[in-house]
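Here are a few exercises to work through with the coordinates open. Try each task on your own before you read its solution.

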Amino acid sequence: MPFRSVFDAGEIQSEFENAAINTKFIPLIWKHLIHNPDAEFDQVPSLPSSAYLLLRSKFKLLTSALHSPTDSSDGVTTKLLIKLQSGALVEAVIMRYDTRLGKYAGKPRPGGPRATLCISSQVGCKMGCKFCATGSMGFKSHLTSGEIVEQLVHASRLAPIRNVVFMGMGEPLNNYSALVEAVHVMTGSPFQLSPKRITVSTVGIVHAINKLHSDLPGLNLAVSLHAPVQDIRCQIMPAARAFPLAKLMDALQEYQRKSQQKILIEYIMLDGVNDEEQHAHQLGKLLETLEVVVNLIPFNPIGSLSQFRTSSEQNTSSFQKTLRGTYNIRTTIRKQMGQDISGACGQLVVSQSDKRSVENPLLVDIEDLRVR
């Protein structure tokens, strides 16, 4: 039987309770290991003797290893190739920003440089979105909660992580229990991330959305909508057949009623498919009863797999103006990051590339645009 990650909260809590060891020691173990990357269990101070034996026999400090970090040529993005205990590979992406860039409500923004981590929740993905490279892998396996948290541990050793977005490989709400447990770890000691700085993206798993706020109050929900009508959505997102648009919108209405938070709508711009003026009006009417921020995402080509083209800047700008001007919907256009290392939106598929490193220009982050 493989060792479990010491960051698998449910497993370590259960083992400690069965051995009559106080679970208050668990965050102390995590804190020591985070700040001492080369430490062994025996070097964690002030534990009961039975805890050392249990940890050595059933857990590993890290069940994954950072296989290789790859820096983008613009220096703002680093893609992490992470090897799991099973031998499978997943990817996470560090994106660096400067919160002082731009304005909020007409005033300068406070803050400074920091980083957002894009986390994977599965090896591959079963959703099969036709514009997404990860979908071409098919579904391989779920990540454990510890394997999810370990991505944050690896990334934190390269950059101070302030925000986490579950927008990497996999559909987070299809790995629901591991997602919930991982977020609880991230928001607790010693990580202490604010739920307001964590965003979970989904293609629209209705039954999971219906219980998400109860299980993880305060975090941010992003919905990969990508089309304003059901037939187009089914063409580019086969999983949408199981989650009709009408039922999804009802679920979002209820989620917003409970959470009182804006919802981020992700919309990938595909030339001639969903980027025309009629589509902008359809989208505006679909969303007019919700409080949302629409994030228009330039399509990132995925080589020979791609059957789509990127919308022109003119079409994207016109689409934004329609949503803003006619429907008063806050609409942003996502800055493209990490394309040259296949770390941009929709490009995460396990591959290795040469490491590059340059000075870091800093950008403003979408999470800062909307979580206030």
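Before we start, a cut-off: a residue is exposed when its relative accessible area is over 50%, buried when it is under 20%, and partly exposed in between. Keep in mind that this is a predicted model.

**Exercise 1. A loop residue with positive phi**

Task: find where Asn328 sits, work out its phi, and decide whether Asn328 is buried or exposed.

Solution: 
- Step 1, the place. Asn328 belongs to the loop between α10 (313-327) and β16 (330-333).
- Step 2, the backbone. Its phi is near 55°, a positive value in a residue other than glycine.
- Step 3, the background. Most residues other than glycine have a negative phi.
- Step 4, the surface. Asn328 has a relative accessibility of 70%, so it counts as exposed.

**Exercise 2. Another positive phi**

Solution: 
- Step 1. Look between β13 (220-224) and α7 (230-236): His226 is in that loop.
- Step 2. Phi of His226 is near 65°, again positive in a residue that isn't glycine.
- Step 3. With 5% relative accessibility, His226 counts as buried.

**Exercise 3. An omega to check**

Task: what is the geometry of the peptide bond from Ser189 to Pro190, and where does Pro190 lie?

Solution: 
- Step 1. Omega is near 5°, and the bond from Ser189 to Pro190 is cis.
- Step 2. As background, most peptide bonds are trans.
- Step 3. Pro190 is found in the loop between α5 (176-187) and β12 (198-202).

**Exercise 4. Salt bridges**

Task: how many salt bridges does a search of the whole structure find? Then go through the pairs of Lys58, Glu91 and Glu11.

Solution: 
- Step 1, the count. The whole-structure search turns up 8 salt bridges.
- Step 2, the criterion. A pair counts if a side-chain nitrogen of Lys or Arg is within 4 Å of a carboxyl oxygen of Asp or Glu.
- Step 3, Lys58. Its side chain meets that of Glu15 in a salt bridge, at 3.1 Å from N to O. This pair links distant parts of the chain, 43 residues apart: Lys58 is in helix α3 (residues 49-58) and Glu15 in helix α1 (residues 9-18). Lys58 has 39% relative accessibility, so it is partly exposed, while Glu15 counts as buried at 19%.
- Step 4, Glu91. The partner is Lys79, with the closest N and O atoms 3.4 Å apart. Here, too, the pair links distant parts of the chain: Glu91 lies in strand β5 (residues 89-98), Lys79 in strand β4 (residues 77-83), and they are 12 residues apart. Glu91 is buried at 0%, and Lys79 counts as buried at 3%. As for networks, salt bridges with shared partners join Arg4, Asp8 and Glu11 into one.
- Step 5, Glu11. Its salt bridge with Arg4 has its closest N and O atoms 3.2 Å apart. Both ends are partly exposed: Glu11 at 31% and Arg4 at 24%.

**Exercise 5. A helix length check**

Task: what span should helix α4 (residues 145-156) have, and how many of its residues are buried?

Solution: 
- Step 1. Helix α4 has 12 residues, so at 1.5 Å a residue it should span 16 Å.
- Step 2. Its end C-alpha atoms are 17 Å apart, which agrees.
- Step 3. Of the 12 residues in α4, 11 are buried, so the helix is mostly covered. Among them are Ile148, Val149, Leu152 and Val153, along with Glu147, Glu150 and His154.

Notes: Residues are numbered from 1 along each chain as its sequence is written. This is a predicted model: local features need pLDDT of at least 70, side-chain atom pairs count only at pLDDT 80 or more; totals for chains, interfaces and linings use all residues. Side-chain values use heavy atoms; hydrogens and water are left out. Buried means under 20% relative accessible area, exposed over 50%, partly exposed in between (1.4 Å probe, protein chains only). Helices (H or I, at least four residues) and strands (E, at least two) are DSSP runs, numbered from the N terminus. The expected span of a helix is 1.5 Å times one less than its number of residues.
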